[in-house]
Amino acid sequence: MANLLPVSLLLALLFCSQLHPLYAFVKLVAVGTKVEFRSKVKHINASHQFCRRDSLTEQSLDMKLDITSPLREMKLYFSYYPILGNSTARTALVKRTVDLCFYIQHPNSDRLLRIVYDYVRERSNLPERCPVEPGSYYIRNAKPSDVPVPAFIPESEFMLELIYRNEVRREIMLEFRFYGKLVRVLGAF
């Protein structure tokens, strides 16, 4: 009987070590269901294409902006709304207001926004200084499943909202809403 204790401990450790790698391959990913991207002003034309909607990990989003006059004094209103159950009432879990020109020059000023900003910068030709000059700008092959999800965000349906405003004219310039759900995916990442 005394000889069974070391063997059972060895088997328990072996069993636990076999299960541990399984947890290393679980990832919380965003899966989109709907995208809204529209301009509210004449001097910005916004378009988008949401590809492979039926895939969990291969969805992608392409966006294009054609700007015909310089953009100054912009504020970004960033909001993340979890949608729980059949709830129509939305309370933002994360809300940020950022002076966009300041943020472009100092991206370390908000660590949470930096997660998304770094991901988007790698896939775009968006300007790195203000004012934003007239031209064509794009974001290509942005995969929702590749964007890092902070650990405090719950697994749920959600809406991510980005509103760009010109504070001098007090007008909304662009609206972007991404609807989806966060799901746990098993696999090699």
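Leaving aside neighbours within four places in sequence, E36 is in contact with E175, F176, R177 and Y179, where contact means heavy atoms within 4.5 Å. The structure is a predicted model, in which local features need pLDDT of at least 70 and side-chain atom pairs count only at pLDDT 80 or more, whereas totals for chains, interfaces and linings use all residues. Residues are numbered from 1 along each chain as its sequence is written, and side-chain values use heavy atoms, with hydrogens and water left out.

E36 is found in strand β1, which spans residues 26–39. Helices (H or I, at least four residues) and strands (E, at least two) are DSSP runs, numbered from the N terminus. The relative accessible area of E36 is 14%, so this residue is buried; buried means under 20% relative accessible area, exposed over 50%, and partly exposed in between, with a 1.4 Å probe and protein chains only. The side chain of E36 is also joined to that of K34 by a polar contact of 3.3 Å. A polar contact is a pair of N or O atoms within 3.5 Å; within protein, one must be able to donate a hydrogen and the other to accept it, and residues adjacent in sequence count only if both atoms are side-chain atoms.

The protein as a whole has three helices and eight strands. Read along the sequence, these elements follow the pattern α-β-β-β-β-β-α-α-β-β-β. Of the 189 residues in the protein, 40% are buried. The accessible surface comes to about 11900 Å², and 56% of it belongs to carbon and sulfur atoms; accessible areas come from the Shrake-Rupley method with a 1.4 Å probe, and for residues only the protein chains shown count as cover. Among contacts between residues at least 6 apart in sequence, 63% join residues at least 24 apart.

Strand β4 (residues 74–83) is largely enclosed by the rest of the structure, because eight of its 10 residues are buried. Strands β4 and β7 run antiparallel and are joined by 10 bridges; two strands pair if DSSP finds at least two bridges between them. Within this pairing, I83 has E157 of β7 as its bridge partner. Strand β4 also runs antiparallel to strand β5 (residues 94–99), with six bridges between them. Here the bridge partner of K75 is D99 in β5.

The largest nonpolar core has 40 residues, of which I44, L65 and F176 touch the most other members. Strand β8 (residues 171–186) contributes the largest share of this core, namely five residues. A nonpolar core is a set of buried Ala, Val, Leu, Ile, Met, Phe, Trp, Tyr and Cys residues joined through side-chain atoms within 4.5 Å. Apart from neighbours within four places in sequence, I44 is in contact with S39, L65, D66, I67, L71, M173 and L174.

A search of the whole structure finds one disulfide, a term that denotes a pair of cysteine sulfur atoms within 2.5 Å. The disulfide joins C101 to C130, with an S to S distance of 2.1 Å. This pair links distant parts of the chain, 29 residues apart: C101 is in helix α2 (residues 100–105), and C130 is in the loop between α3 (111–122) and β6 (135–142). The link of C101 and C130 is left-handed, with -90° about the S-S bond. C101 is buried, with a relative accessible area of 15%. Another cysteine, C51, counts as buried at 18% relative accessibility.

Several backbone features were also identified. Most residues other than glycine have a negative phi, and most peptide bonds are trans. The peptide bond from C130 to P131 is cis, with omega near 0°, and P131 lies in the loop between α3 and β6. R52 has a positive phi, near 50°, and is found in the loop between β2 (44–51) and β3 (60–67). With a relative accessible area of 42%, R52 is partly exposed. R170, also not a glycine, has a positive phi of about 55°. The loop between β7 (157–166) and β8 holds R170, which counts as exposed at 63% relative accessibility.

In helix α3 lies V120. Leaving aside neighbours within four places in sequence, V120 is in contact with L126 and I139. The C-alpha atoms of V120 and Y138 are separated by 9.9 Å, the two residues being 18 residues apart along the chain.
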